[in-house]
Amino acid sequence: WVFQMVFAVTAATIVAGAVAERTKTQAYLAYSFIIGAVIYPLYGHWVWGGGWLADLDKIDLPAAADYAGSGVVHAIGGFVALAGAIVVGARTGKFNADGTSNIIPGHNVPYVIIGTFILFFGWFGFNINTGDSIGLNAMNTLLAGATGGVVALYIQLVRTGRTDVLMACNGTLAGLVGVTAPVAFIEPWAAVAIGAIAAPIMICSVVFIERVLKVDDPVGAVSVHGVCGLWGLLAVGIFANGNNGVEGLVAGEGNQIFSQLISMGVVLSWALVTGFALFMFLKIGMGVRATQEEEFEGLDISEHALPAYGSAHD
């Protein structure tokens, strides 16, 4: 129960990154409650609680597999985050009148790096769980995360001539999200492949969401957790080698990938429909957006009456 409680919290906190810097605190509290009480546990039950996605043998398919939550936790959080970011709207100054976007610099780059290391460390508990494959899970987690970071770093080096540490951080997280579903079902070489593929998927998604969808996602939460969460589900059907009873294409079994595609479609639809319904209800009922004055002043002051940097306001 405690393990699942923390997973539910994780799904809710993913949303926070996508709506950061312009959302009322009461809206955070409200959507976190609904995600934890309704959105996360229902899809989670379908996959982990003996629900219908775990019982696809009725249509001659194996159960949809998601060992530690690429879909249940990350895709749920990621696509509810997309709905939230659309409903809340972009930060003031993010987009120009012609639709082009501006870079709004992060507050503190070392904090981002420290946060990434904390997440990476915590992911070992997230993915290892219990059972006979603890060592395998730990190794696969390490390899996928490290590979995602390195690949993202080199992609940006080729694209811009600069080593972008922030994109490397998101590449690391993309690799970790991608390996979360298949972590107990694959060999270590597959974890490297999954992390390597997750990085360009994440980068392409970041560009698409900002430039095509015109959605402001300050930390890339939708791409890292939502899109790479879908990749993690698909990766089970491709790379599962029979570990813990799950077989994918590399083991000569083609049916698992169909179960994974069903789960991908369900989690995408469920998260977007419930996410839009949730944020529209909150927008009408209590309002979700801080005023422009509050946004410029800083929500630490307007929402909490506690400036983070007192000397700046003396």
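A: In the classes used here, Ala, Val, Leu, Ile, Met, Phe, Trp, Tyr, Cys and Pro are nonpolar, Asp, Glu, Lys and Arg are charged, and the others, including Gly, are polar. The model is predicted, so local features need pLDDT of at least 70 and side-chain atom pairs 80 or more, whereas totals for chains, interfaces and linings use all residues. Residues are numbered from 1 along each chain, and side-chain values use heavy atoms, without hydrogens or water.

Q: How is the lining of the second largest pocket split by class?
A: It has 11 nonpolar, 8 polar and 6 charged residues. A pocket is an open set of points on a 1 Å grid where a 1.4 Å probe fits, with protein on both sides within 12 Å along at least five of seven lines; lining residues have an atom within 4 Å of a point.

Q: Which lining residues lie nearest its centre?
A: Of the 25 residues, Glu21, Glu295, Gly298, Leu299 and Asp300 do.

Q: New topic: how many aromatic pairs are there?
A: The search finds 13, counting Phe, Tyr and Trp (six-membered) rings with centres within 6.5 Å; planes under 30 degrees apart are stacked, over 60 edge-to-face, the rest tilted. Tyr43 and Trp46 pair edge-to-face, at 6.2 Å and 85 degrees. Trp123 and Phe126 form a tilted pair, at 5.8 Å and 45 degrees.

Q: Are Trp123 and Phe126 buried or exposed?
A: Both are buried, meaning under 20% relative accessible area (1.4 Å probe, protein chains only). Tyr43 and Trp46 are buried as well.

Terms used: Buried < 20%, exposed > 50% of the residue type's maximum accessible area, 1.4 Å probe, protein only.
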